[in-house]
Amino acid sequence: MHRADKNISLVLMGLAIYFMWHAKELPIGWVPSDGPGGGAFPFWLSVILFFSALGVFLSALRASKQKANIPFFEPETVSSVTKVSIAIFVTVAIMATLGTYVALLLFLFWYLRIFGKHSLKLTAIITLITPVFVFFFFEVTLKILLPKGITEPLFFPLYNLFF
Amino acid sequence: METLGLLLDGFSTSLSLFNIMIVVAGVTAGLFIGAMPGLGSVNGVAIVLPLTFLVPPESAIILLAAIYYGAMYGGAVSSILLGIPGASTAVATTFDGRPMAQQGKAGLALITSAVASFVGGTVSVILFTVFAVPLADVALAFGPAEEFALVLLAFTTFVGLGNDNVYKTMVMIMLGLVLSTVGLDLISGQPRLIFFDLPGFYSGISFLVLAIGVYGVGEVLYTIETSNKNTEVTNARITFAELGAGLRELVKLWKTMTLGSLIGFFVGMLPAAGATPASLMAYGMAKSSSKKPESFGKGNIEGVAAPETANNAASTGSLLPMLTLGIPGSPTTALLLGGMVIWGLVPGPMLFIEQPDFVWGLISSLYTANFASVIINIALIPLFVWALRMPTTVLCALVLVLCIIGGFAPSQKMHDVWLIVAFGGAGYILRKADYPLAPLVLAIVLGPLMEKSFRQTLIAEQGNIFAFFERPLSGTFMCLALLFFLLPLIKYARQSRLKHTPITSS
């Protein structure tokens with residue numbers, strides 16, 4: 001836990017420096033007759049962010065000398081959380097190229113059948129009904145077109161039918 | 001008297017057939033969201049917000065408020081039947097609710113929680129109605145200096161009163177505020193913090209993207225981790241005889257419930273406090289004022305009634321500063337505020353003058369939502385028992401789909417979907433490392449207001465930084481903010497003195 005605390009605070013400190021570097025593209029000081037410049041707010045807040053993260057780091061450093069270390073992740077957790085994270089990542093990547101519906105079908109099938117170990121019947125029902133619901137709710141009712149990538153032409157007949 | 005007239009006008013809005021349907025739909029959805037372990041009102045509102053574009057703005061807000069309300073009722077269901085709080089706000093309900101269920105009194109416990117929630121909700125909605133107009137009148141005198149001071153005060157309450165590590169709380173506030181400045185500078189219009197030159201950052205980072213990320217995707221990742229354990233759903237059957245017995249039992253608890261409602265309402269108004277500490281406080285009060293404190297934790301009905309009145313009262317309490325001052329009292333109300341801004345309804349005192357129909361429609365809808373919640377809650381108990389048996393993997397898969405599609409819908413940019421994924425991962429890790437999420441969400445919602453009011457004041461006062469202290473109202477807020485900010489230091493000093501005293505005396 002202390003090691004995780006230290007690592008996270010180091011990342012946050014790095015992030016704060018990155019924010020500062022970005023913020024100083026605009027004036028960060030006092031602009032006469034105009035008050036604080038456009039970069040001042042993000043810059044000085046990032047400075048406070050840096051020192052707060054430093055505080056976390058220092059207290060973790062002090063605590064790690066005194067108390068026993070509790071592991072941050074349990075091995076089981078890491079594997080299931082990593083798997084789901086990768087699945088989400090791949091799904092979003094597929095959304096833009098192969099289209100939302102292909103992504104949804106693959107994601108739901110993987111999640112329910114392979115990750116969740118559900119019966120084929122339940123998997124099939126949810127995997128097929130969800131995209132249909134999504135289509136009617138978002139595209140037909142709300143008129144929000146979801147990305148379809150290369151599968152776009154397949155939807156032309158549906159567009160003709162509903163729009 | 002004037003308030004009563006306005007409220008009656010409000011009912012003419014909220015009692016239209018369409019709005020009653022909206023309330024019933026929202027409350028039912030909220031009840032289920034709240035009942036699911038892991039999902040609470042804030043997750044529900046974050047995930048459902050993008051879907052509310054379906055209805056006109058006024059009804060959308062009523063829908064979200066109804067979900068918020070229903071989720072508060074629903075949280076108790078899984079506390080009692082599973083022994084896992086449906087949301088953090090229902091933690092205190094597990095203390096006596098779970099033992100009652102194990103003794104075969106699950107039905108009575110559920111009725112108690114529903115009726116207690118109703119009492120808490122009703123008392124607090126009445127208090128809300130009474131306080132709304134005077135508070136909005138005070139807020140009319142606010143200029144940018146007061147606005148800035150009040151936002152600062154809201155953040156310092158997290159530092160002074162929050163139970164989390166002070167440094168970690170500060171990190172989250174600053175992170176939220178910096179992320180809120182991404183995009184175009186409010187005053188000069190120049191682009192700033194355009195990370196990696198991605199055009200998507202020009203329009204800023206929407207609070208909704210952050211909220212769906214941390215409360216949707218992040219929450220699912222967190223649930224995957226904690227749901228490995230097997231749980232057992234206790235069956236509950238409700239008979240009319242039990243309902244009658246429960247009501248008779250509850251009449252005797254009027255003192256506990258009144259106290260719980262009052263604690264809930266006032267504690268709920270504070271940004272750092274909210275429903276969870278309010279319900280724990282009410283539980284503690286009920287226990288210490290009871291004649292049989294030893295029976296608490298072993299299935300005492302009072303131990304269910306007290307926290308449930310308080311957490312519902314707190315949810316209404318946190319709406320009060322959001323609607324009248326434009327400063328939300330909880331992450332859920334922060335999301336409601338963000339939603340209202342999207343629809344062009346800016347909360348604050350001017351809303352009471354410019355849009356009285358909407359404001360009073362919303363307030364009166366709280367009465368109907370309360371009424372609908374208690375009835376639907378009791379009627380749907382068998383359905384909850386069934387729904388709680390639903391495997392978490394099915395729930396998680398559907399929530400993730402909603403997060404991804406719902407995250408795309410408002411802006412229709414893949415950029416936002418990627419951000420949601422990134423925030424989900426980061427939010428999960430930060431939450432696991434005990435960083436509080438509430439200040440982060442509050443900060444990204446309030447950040448633009450904070451910066452605007454700060455810079456407006458300084459421009460108007462020709463850079464006189466003491467302007468914030470010179471006006472009486474903003475001066476008071478600033479001093480209070482300073483006090484809250486220094487509170488951890490004072491606590492620390494006292495603790496170390498206590499630690500040192502015995503050593504020097506021996």
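User: Helices (H or I, at least four residues) and strands (E, at least two) are DSSP runs, numbered from the N terminus. With that in mind, where is Met95(A) found?

Analyst: Met95(A) sits in helix H3 of chain A, which covers residues 75-97. Before we go on: this is a predicted model, where local features need pLDDT of at least 70, side-chain atom pairs count only at pLDDT 80 or more, and totals for chains, interfaces and linings use all residues. Residues are numbered from 1 along each chain as its sequence is written, while chains are lettered from A and ligands numbered from 1 in the order in which they are written.

User: Thanks! Is Met95(A) buried or exposed?

Analyst: Met95(A) is buried, because 25 other C-beta atoms lie within 10 Å. The cut-offs are 20 or more for buried, 12 or fewer for exposed, and partly exposed in between, counting other C-beta atoms within 10 Å of the residue's own, with C-beta atoms placed from the backbone.

User: And which residues does Met95(A) touch?

Analyst: Leaving out residues up to four places away in sequence, Met95(A) touches Thr100(A), Ala103(A), Pro147(A) and, from chain B, Met414(B). Touching, or being in contact, means that the C-beta atoms of two residues, placed from the backbone, lie within 7 Å.

User: You mentioned H20. At what angle do H7(B) and H20(B) pack?

Analyst: Helix H7 (residues 144-161) of chain B packs against H20(B) at about 150 degrees, with the axes 8 Å apart. That angle makes H7(B) roughly antiparallel to H20(B). Axes are lines fitted to C-alpha atoms, for helices over the stretch in contact, and angles run from 0 to 180 degrees between N-to-C directions. Under 35 degrees counts as roughly parallel, over 145 as roughly antiparallel, 65 to 115 as roughly perpendicular and the rest as oblique.

User: Which residues of H7(B) and H20(B) make the contact?

Analyst: Among them are Phe148(B), Val151(B) and Phe155(B) of H7(B), and Leu442(B), Leu446(B) and Leu449(B) of H20(B). The contact has 13 nonpolar, three polar and one charged residues.

User: What about chain A: how do the axes of H4(A) and H5(A) cross?

Analyst: The axes of H4(A), residues 100-115, and H5(A) cross at roughly 150 degrees and come within 9 Å. This makes H4(A) roughly antiparallel to H5(A). Leu104(A) and Leu108(A) of H4(A) are among the residues making the contact, as are Leu122(A) and Ile126(A) of H5(A).

User: New topic: what is the phi of Lys143(A)?

Analyst: Its phi is positive, about 60 degrees, although Lys143(A) is not a glycine. Most residues other than glycine have a negative phi. Lys143(A) lies in the loop between H5 (120-141) and H6 (156-162) of chain A, and it is exposed, because 10 other C-beta atoms lie within 10 Å.

User: And Leu193(B), buried or exposed?

Analyst: Leu193(B) is buried, with 23 other C-beta atoms within 10 Å. Leu193(B) also has a positive phi, of about 50 degrees, and lies in the loop between strand S2 (191-192) and H9 of chain B.

Notes
Nonpolar A, V, L, I, M, F, W, Y, C, P; charged D, E, K, R; others polar.
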